[in-house]
Amino acid sequence: MSKIPPVDLSRQYQVISEEANHAVLEILRSGRYIGGEVVSELERQFALYHGVSDCVACNSGTDALYLALRSLGIQAGDEVITSTFSFIATAEAINLVGAAPVFVDIDINTFNLDVALLEKAITPQTKAIIPVHLFGQSVNMSEVVNFARSHNLLVIEDCAQATGAEWHGQKVGSIGDIGCFSFFPTKNLGGCGDGGAITTNNPELAAQIRMIKEHGSKERYLHEVIGVNSRLDAIQAVILQIKLKYLDFWNNQRIEIAQRYRELLQPLPNITLPTALAGGKHVWNQYTILTENRDQIRAALQEKDVLSMVYYPIPLHLQPVYRYLGYKKGDLPVAELASEKVLSLPMFPDLSCEEQQQVAYALKDCLHSS
Ligand SMILES: *Cc1c(COP(=O)(O)O)cnc(C)c1O
């Protein structure tokens with residue numbers, strides 16, 4: 001049997017190859033490689049998909065977070081609350097605007113920030129919350145938005161892993177003040193290179209973001225603020241336009257795969273399966289189980305040609321770069337426990353039933369012998 005990878009992007013390419021080849025060649029022939037109608041059209045379609053007034057495309061999910069924070073005026077002296085169990089980019093963006101991240105612990109059932117802990121994290125410097133919709137599952141946004149409103153805080157959604165996910169019928173990225181998306185190839189909507197976008201229902205914020213990402217200028221060669229260069233190129237935009245049409249179909253395949261994993265893995269001892277909150281639409285960027293002896297099991301799975309991943313082995317509050325914040329081991333115990341036990345199994349839309357069965361057999365063997 002052949003190796004089962006954590007994700008296989010070449011299979012997704014097979015589905016769109018004809019359309020994509022044609023569209024990319026057309027861009028190559030056009031000689032217009034940056035900006036232009038293709039990018040504006042993607043922005044229009046992405047805004048429409050999310051039911052928001054505005055979308056601004058940019059170079060990456062990391063830039064999207066940075067641009068969002070800049071546009072909201074968050075700066076040195078401010079604090080932003082976020083989950084300690086995320087990719088570094090979430091927190092990094094807070095530092096990049098000069099503010100300080102304040103980390104909160106997670107709920108072990110969802111791996112998302114525990115809303116009940118927000119109150120304790122607030123100080124007079126707190127300006128915003130960044131809920132991260134981790135692994136494809138929306139944070140309980142009703143609670144986050146209520147909390148933010150009652151404390152006069154801004155909400156920036158980190159939707160990098162959750163394009164198409166919903167909370168009570170509303171798409172993530174359309175619920176807070178700004179939504180930040182990544183088009184990194186392994187995300188639910190991924191390009192063939194880097195890319196990102198922000199969504200908002202506030203046209204003034206969108207205009208501000210557009211200005212910052214274009215070197216601080218609204219009018220060419222007239223610069224009002226210090227900005228950055230953050231562009232989505234035309235080739236990515238055209239590929240993303242094609243893939244956006246398949247997003248719901250692919251997300252539904254992920255949902256079916258998650259259901260099948262549940263059936264296959266339910267009988268196995270000593271593992272905890274991930275759950276989807278009632279009220280949300282989980283789009284399963286990752287299928288992440290909890291297990292004892294994680295590293296041993298991961299190695300044993302690899303012996304059996306099943307490749308798994310660990311997201312994330314070290315929570316953000318314990319990263320060397322955040323030592324200056326003074327967190328200690330034990331401060332955010334749920335995330336620390338998760339970081340020792342999480343194991344993400346192969347998950348991508350074209351994963352076959354046979355492959356899932358192979359994953360389940362392999363895992364069963366590993367659990368019995370560990
Ligand atoms: C991928 C990711 C990002 C960053 O996106 P890039 O496009 O890689 O810059 C931010 N936050 C989370 C949670 C991510 O998974």
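Buried means under 20% relative accessible area, exposed means over 50%, and partly exposed is in between (1.4 Å probe, protein chains only). Helices (H or I, at least four residues) and strands (E, at least two) are DSSP runs, numbered from the N terminus.

A quick note on the ground rules: residues are numbered from 1 along each chain as its sequence is written. As this is a predicted model, local features need pLDDT of at least 70 and side-chain atom pairs count only at pLDDT 80 or more, while totals for chains, interfaces and linings use all residues; side-chain values use heavy atoms, with hydrogens and water left out.

Now for the ligand. It's surrounded by 15 residues, and the closest are G61, T62, D158, S182 and K187; a residue is near the ligand if one of its heavy atoms lies within 4 Å of it. By class, that shell has five nonpolar, eight polar and two charged residues. For that count, Ala, Val, Leu, Ile, Met, Phe, Trp, Tyr, Cys and Pro are nonpolar, Asp, Glu, Lys and Arg are charged, and the others, Gly among them, are polar.

| Residue | Ligand atom | Distance |
|---|---|---|
| D158 | nitrogen | 2.8 Å |
| Q161 | oxygen | 2.8 Å |
| K187 | oxygen | 2.7 Å |

Taken alone the ligand exposes 390 Å², and the protein buries 92% of that (Shrake-Rupley method, 1.4 Å probe). Helix 3 (61-71) and helix 4 (88-96) are the elements that give two or more residues to the shell, and helix 3 gives the most, with three.

Nine of its eleven residues are buried, including G61, D63, Y66 and S71. S60 caps its N-terminal end, with a side-chain oxygen 3.3 Å from the backbone nitrogen of T62. Just after helix 3, G73 takes a positive phi of about 75 degrees.

What about disulfides? A search of the whole structure finds zero, a disulfide being a pair of cysteine sulfur atoms within 2.5 Å. Take C192: its sulfur is 17 Å from the closest cysteine sulfur, in C58, so the gap is too far for a bond.

N152 has a positive phi of about 60 degrees although it isn't a glycine; N152 is in the loop between helix 6 (141-150) and strand 5 (154-158), and is exposed at 71% relative accessible area. N270, also not a glycine, has a positive phi near 65 degrees. N270 sits in the loop between helix 8 and strand 12 and is exposed, at 61%. The peptide bond from Y311 to Y312 is cis, with omega near 5 degrees, and Y312 is in the loop between helix 9 and helix 10.

How values were computed
Polar contact = N/O pair within 3.5 Å; in protein donor to acceptor, adjacent residues only side chain to side chain.
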